[in-house]
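Let's take a walk through this structure together, one stop at a time. Please have the sequence and the 3D view open as you read.

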Amino acid sequence: MINEPGRPGAMKYVLFDVDGTLIDAVDNQRLVWRTWAERYGLDPDEVYRVALRTRPMETFSQVAPDQDPRECLAALHELEDEDVRSGSYAAFDGAFELLDALEPGAWALVTSNYEHRVRGRFARTGLPVPKVVVDAAAVAEGKPSPVPYLQAAAQLGADPQDCLVIEDAPSGVVSGLRAGMTVWGVNTPAAVEGVHRHFGSLREAVRDILALVSGARQPAG
């Protein structure tokens with residue numbers, strides 16, 4: 001276990017990634033990218049491999065350099081919006097219990113997706129939405145930059161040292177670490193490099209997350 005930042009006795013805030021952390025959207029993402037790739041006559045498997053590592057505009061420059069990236073993005077957004085309306089979604093086991101137990105104003109969502117899609121998915125899965133949602137449109141630099149997580153902390157009025165990041169993806173882990181926060185990884189068979197703690201599933205992490213938050217609220221001494 002790597003030493004974690006933080007101040008003893010200080011209130012803890014929890015910052016969640018969304019896709020892959022709270023909501024299982026792997027099949028949806030794969031289908032959206034497959035449909036997009038087929039529209040442009042590209043190999044869906046290769047496109048998806050690139051998309052997993054890069055942001056959309058970077059993906060387009062690699063897999064479709066001869067296409068107008070703005071048109072590529074518009075087509076992707078159309079497919080993603082339709083998927084929110086008609087796709088099948090499920091929250092990871094433990095997600096509702098965890099979010100419902102956290103105090104309002106003590107947690108936030110930090111996503112590379114867009115807020116209207118997050119709200120649509122949360123509405124369909126019954127998950128509560130916090131006051132603070134930092135999405136792709138809210139920041140000029142996305143993960144792995146620390147900017148998204150730092151912005152969420154600022155909106156919550158939290159010191160980065162007092163923030164616990166819950167992530168599943170390497171870029172998100174790097175983002176949280178660069179922000180000077182504690183980072184726990186979930187929903188991966190092996191620990192993502194750099195995480196302070198690793199849990200094979202979100203369900204396994206619920207008790208520890210709530211214990212950390214409630215313990216931090218206890219009076220010192």
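Our tour begins at a charge and a ring: the charged end of R197 sits over the ring of W184, 4.9 Å from its centre. A charge counts as sitting over a ring if NZ of Lys or CZ of Arg is within 6 Å of the ring centre and within 35 degrees of the ring normal.

Before moving on, a word about what you are looking at. This is a predicted model, in which local features need pLDDT of at least 70 and side-chain atom pairs count only at pLDDT 80 or more, while totals for chains, interfaces and linings use all residues. Residues are numbered from 1 along each chain as its sequence is written, and side-chain values use heavy atoms, with hydrogens and water left out.

Now for the other aromatic rings. A pair of aromatic rings is described by the distance of the centres and the angle of the planes. Here, rings of Phe, Tyr and Trp (its six-membered ring) pair if their centres lie within 6.5 Å; planes under 30 degrees apart count as stacked, over 60 as edge-to-face and the rest as tilted. The whole structure holds 6 aromatic pairs. One of them joins F16 and W107, an edge-to-face pair with 6.0 Å from centre to centre and 85° between the planes. This pair links distant parts of the chain, since F16 is in strand β1 and W107 in strand β4 (residues 107–110), 91 residues apart. Helices (H or I, at least four residues) and strands (E, at least two) are DSSP runs, numbered from the N terminus.

Elsewhere, ring pairs link W33, W36, Y40 and F60 into a cluster.

Let's turn to charges. Side chains of opposite charge can pair when their charged atoms come close. A salt bridge is a side-chain nitrogen of Lys or Arg within 4 Å of a carboxyl oxygen of Asp or Glu, and a search of the whole structure finds 15 salt bridges. One of these is between D17 and K143, whose closest N and O atoms are 3.0 Å apart. It links distant parts of the chain: D17 is in the loop between β1 (13–16) and β2 (23–24), K143 in the loop between β5 (132–134) and α7 (147–156), and 126 residues separate them. Both D17 and K143 are buried. Together with E167, D17 and K143 are linked in a network of salt bridges.

Stay at K143 for a moment. The peptide bond from K143 to P144 is cis, with omega near 15°, and P144 is found in the loop between β5 and α7.

Two further salt bridges involve helices. D45 pairs with R34, the closest N and O atoms being 3.3 Å apart; D45 is in helix α2 (residues 44–53) and R34 in helix α1 (residues 26–39). D45 counts as partly exposed because its relative accessibility is 39%, and R34 is partly exposed at 32%. The side chains of E115 and R119 meet at 2.9 Å, N to O. Both lie in helix α6 (residues 115–125), 4 residues apart, about one turn of the helix. E115 is partly exposed at 25% relative accessibility, as is R119 at 39%.

Our next stop is helix α8 (residues 170–178), whose buried residues are G172, V173, S175 and G176. Seen down the axis of α8, these fall within an arc of 160°, so they line one face of the helix. The arc is that of the directions from the helix axis to the C-beta atoms. On the face turned away from the buried side are the exposed residues P170 and R178. What covers the buried residues of α8 includes α7, β6 (163–167) and β7 (182–185), where contact means heavy atoms within 4.5 Å. Just after α8, G180 takes a positive phi of about 80°.

One more backbone detail is worth a visit. N187, in the loop between β7 and β8 (197–198), has a phi near 65°, a positive value in a residue other than glycine.

Technical notes:
Buried < 20%, exposed > 50% of the residue type's maximum accessible area, 1.4 Å probe, protein only.
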